[in-house]
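Trainee: I have the sequence and the model open. Can you take me through what stands out?

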Amino acid sequence: MSYQYDTAVVCKNGHVVSGNETNGKAALYCEQCGEATVTRCDTCNSPIRGNSTYSGHFISMGTLAAFCYQCGKPYEWTLRQIQAAKDLADEVEGLDGAELSKAKDSFIVLVSDTPQTPVAAARVTKLLQKAGPVIGGGIRDIVVSIATDAAKKMMGL
């Protein structure tokens, strides 16, 4: 008795096209954003986990993973969201170089629960306090979409 996974079809921006690639007939492009779709990790070529079954009973796809279960590297959609948050952070005025660099390095940490997660949460919270409503709101939305529940709780999101 164990879980078995179908291969998911996901666009490079993280939109799930299908939880089950059917006989290699996956959509080549996302209907939401037009980006190319993938079914495998760019780093190790392992299939992206989609719908799951347990003892022959359909469960569902669940939450789209941020990291590959086989090699541990972030998926393309995770990297793109983090880059967007970093780009927005560059627009925040009144930060010195070291403070900005630490905040930007913290985005990837918020995606997994590690001993550094509270530090990262504090740094990004500080960044959000200094950012205006437009830039801060954009960063907040990205953080909410990528951060673990524990990280969001630490940040009050």
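**Rings, strands and helices**

Trainee: Is W77 buried or exposed?
Mentor: Go by relative accessible area: under 20% is buried, over 50% is exposed, and in between is partly exposed (1.4 Å probe, protein chains only). W77 has a value of 4%. That makes W77 buried.

Trainee: What pLDDT do side-chain atom pairs need before they count?
Mentor: Residues are numbered from 1 along each chain as its sequence is written, and side-chain values use heavy atoms, with hydrogens and water left out. This is a predicted model: totals for chains, interfaces and linings use all residues, local features need pLDDT of at least 70, and side-chain atom pairs count only at pLDDT 80 or more.

Trainee: Over which ring does the charged end of R49 sit?
Mentor: The test asks for NZ of Lys or CZ of Arg within 6 Å of the ring centre and within 35 degrees of the ring normal. The charged end of R49 lies 3.9 Å from the ring centre. The ring belongs to Y69.

Trainee: Which residue in strand 4 is the bridge partner of C11?
Mentor: Strand 2 (residues 9–11) runs antiparallel to strand 4, and 2 bridges join them. The partner of C11 is T37.

Trainee: How do helix 1 and helix 2 run relative to each other?
Mentor: Axes are lines fitted to C-alpha atoms over the stretch in contact, with angles from 0 to 180 degrees between N-to-C directions. Under 35 degrees is roughly parallel, over 145 roughly antiparallel, 65 to 115 roughly perpendicular, the rest oblique. The axes of helix 1 (residues 76–89) and helix 2 come within 9 Å and cross at roughly 160 degrees. The two are therefore roughly antiparallel.

Trainee: What is the handedness of the crossing of helix 2 and helix 3?
Mentor: Helix 2 (residues 97–109) and helix 3 (residues 117–130) have axes that come within 8 Å and cross at roughly 125 degrees. That makes helix 2 oblique to helix 3. A crossing is left-handed if the near helix is turned anticlockwise from the far one by less than a right angle, right-handed if clockwise. This crossing is left-handed.

Trainee: Where is N45 found?
Mentor: Most residues other than glycine have a negative phi. N45 has phi near 70 degrees, a positive value. At 48% relative accessibility, N45 is partly exposed. N45 is in the loop between strand 4 and strand 5.

Conventions
Two strands pair if DSSP finds at least two bridges between them. Helices (H or I, at least four residues) and strands (E, at least two) are DSSP runs, numbered from the N terminus.
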